[in-house]
Amino acid sequence: MKILFVANLKNPSASGRQRLWALQQSNATIIAFDKGKYPSKLGRFSGPAAKIFKQSSLMRNDKLLGKDLIALGKQTNPDVIWIEWATELRPSVLNELRALTSHPLLISFQDDNPWGKRRGDRWMWRNYFKVVPFFDLHLVKRESDIANLKGLGGKNFRMWKHGVYSPLFHPLAEPVKKKHPVSFVGTCIDGRVQLIEYLLTNNVDIHVFGNRWDQRSNLPKRYPANFHPSAEGEVYADVIHQSQICLGLVSHSNQDEWTMRTYEVPGSAGLLLAERTPVHEALFEEDKEMAFFSTAEECLKKIENLLADPEHCLNMGRQAYQKCKNSHFTLEEEMQHLLNEIETKYYPLKVN
């Protein structure tokens, strides 16, 4: 099987790079197409301009991107074309890809939620809504996505579960000193300010790594020692290893029930204190493999109890890692399951 993988690969920490790696672990032939190589002619003004005029096409050179993608498709004739976040591709481009002599199976991947609570970002999805019917299979994160995509003419859906990306997230051969009693890695969104402020004012030494905290709150000015630049790649993995407790918050505006951290922290044998969700409860055993909370008060109480018992924290992290191994919560295995389904279930429908 030959797969043309289309994603933003410019950022070394991009989740698309993880999925590309997982594809490369299979027996398939993988051709990568980097959408990140097509910046808008507006340069650093592209983002603000796109937001002002509510035109996602201003964020990339979408005409050249589409032209080059079609040319690469004609050159390679893939069996499958996997496109992540197809927000910049026009229907005409999808039509030409469908018409390739190899009659490729077109797969759409996106784990954001265009129908969530971020109403101010709806404009970013206009092109995506138009091209939904052109795809043969949609990989999605939540059940509600399926109903919404069906309403736009989508067909064939599969839930994507992700998994541990072992090249970056794995236990260390030797334990390291815990620099951070509690850490949180994430952007300042979805009312997170209130929880972090509550913990700080109750004397929790939590260290926050992420974007927009100084723009959307005064917490970095009030607690400068507790706020740090965004942590990515190896730096992020180091933060996990150096933390006694890793705080895990889902995106409520995306209506998520799990995040990448759901796998990244236990995959590193770290202790994740996560928001209590049906998915988290289904994946890990509470207070044995992972700690959960539903309110700020419960979060504080859990932190205080866990910080008082470092050995229990280490043991829970080890148990969570063992659960990932025993239950095959790895990215390459999730990808192989999908590729098996494509070969036996989805691709035959396309060629027949």
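Student: Where does Leu247 lie?
Tutor: Leu247 lies in strand S10. Keep in mind that this is a predicted model.

Student: Why is Leu247 called buried?
Tutor: Buried means under 20% relative accessible area. Leu247 has a relative accessible area of 3%, so the word buried applies to Leu247.

Student: What does Leu247 touch, leaving out residues up to four places away in sequence?
Tutor: Its contacts include Val182, Ser183 and Phe184, and also Leu195, Ile196, Leu199 and Ile206. Leu272, Leu273, Phe293 and Cys299 are among them too. A contact here means heavy atoms within 4.5 Å.

Student: How far apart are Leu247 and Leu219?
Tutor: They are 28 residues apart in sequence, and 17 Å apart in space from C-alpha to C-alpha.

Student: What makes S7 and S10 a pair?
Tutor: Two strands pair if there are at least two bridges between them. S7 and S10 have four bridges, in the parallel sense, so they count as a pair.

Student: Which residues line the largest cavity?
Tutor: Leu247 is one of them. Ser183, Phe184, Val185, Tyr236, Val239, Ile240, Cys246, Arg261 and Val265 also line the largest cavity. By kind, the lining has eight nonpolar residues, one polar and one charged.

Student: Which helices and strands supply at least two residues each to that lining?
Tutor: Strand S7 (180-185), helix H10 (233-241), strand S10 (243-248) and helix H11 (261-267).

Student: What makes the space a cavity, and what is its volume?
Tutor: In a cavity, a 1.4 Å probe fits but cannot get out. About 60 Å³ of space lies in the largest cavity. The count of cavities of 30 Å³ or more comes to one.

Student: And the second largest pocket, how much space lies there?
Tutor: About 360 Å³. A pocket, unlike a cavity, is an open set of points. The second largest pocket is lined by 21 residues, with Trp160, Lys161, Trp258, Tyr263 and Val279 nearest its centre.

Student: Which helix gives the most to that lining?
Tutor: H15, with three residues. The lining as a whole divides into seven nonpolar, six polar and eight charged residues.

Student: How do you know that Lys141 and Asp256 form a salt bridge?
Tutor: The rule asks for a side-chain nitrogen of Lys or Arg within 4 Å of a carboxyl oxygen of Asp or Glu. For Lys141 and Asp256 the N to O distance is 3.3 Å, so the pair meets the rule. Lys141 lies in the loop between strand S5 (137-140) and helix H6 (143-151), and Asp256 in the loop between S10 and H11, so the pair ties together parts 115 residues apart in sequence.

Student: Are Lys141 and Asp256 buried or exposed?
Tutor: Lys141 has a relative accessible area of 11%, and Asp256 has 10%. The cut-off for buried is under 20%, so Lys141 counts as buried and so does Asp256.

Student: Why is Glu341 called partly exposed?
Tutor: Partly exposed sits between the cut-offs of under 20% for buried and over 50% for exposed. Glu341 has a relative accessible area of 27%, so it gets that label. Arg158, with 10%, is buried.

Student: How many salt bridges does a search of the whole structure find?
Tutor: It finds 18.

Technical notes
Residues are numbered from 1 along each chain as its sequence is written. This is a predicted model: local features need pLDDT of at least 70, side-chain atom pairs count only at pLDDT 80 or more; totals for chains, interfaces and linings use all residues. Side-chain values use heavy atoms; hydrogens and water are left out. On a 1 Å grid over the protein atoms alone, a cavity is a set of points where a 1.4 Å probe fits but cannot get out, and a pocket is an open set with protein on both sides within 12 Å along at least five of seven lines; lining residues have an atom within 4 Å of a point. Grid points are joined across faces, edges and corners, and a volume is the space filled by probe spheres set on the points. Ala, Val, Leu, Ile, Met, Phe, Trp, Tyr, Cys and Pro count as nonpolar, Asp, Glu, Lys and Arg as charged, and the others, Gly among them, as polar. Buried means under 20% relative accessible area, exposed over 50%, partly exposed in between (1.4 Å probe, protein chains only).
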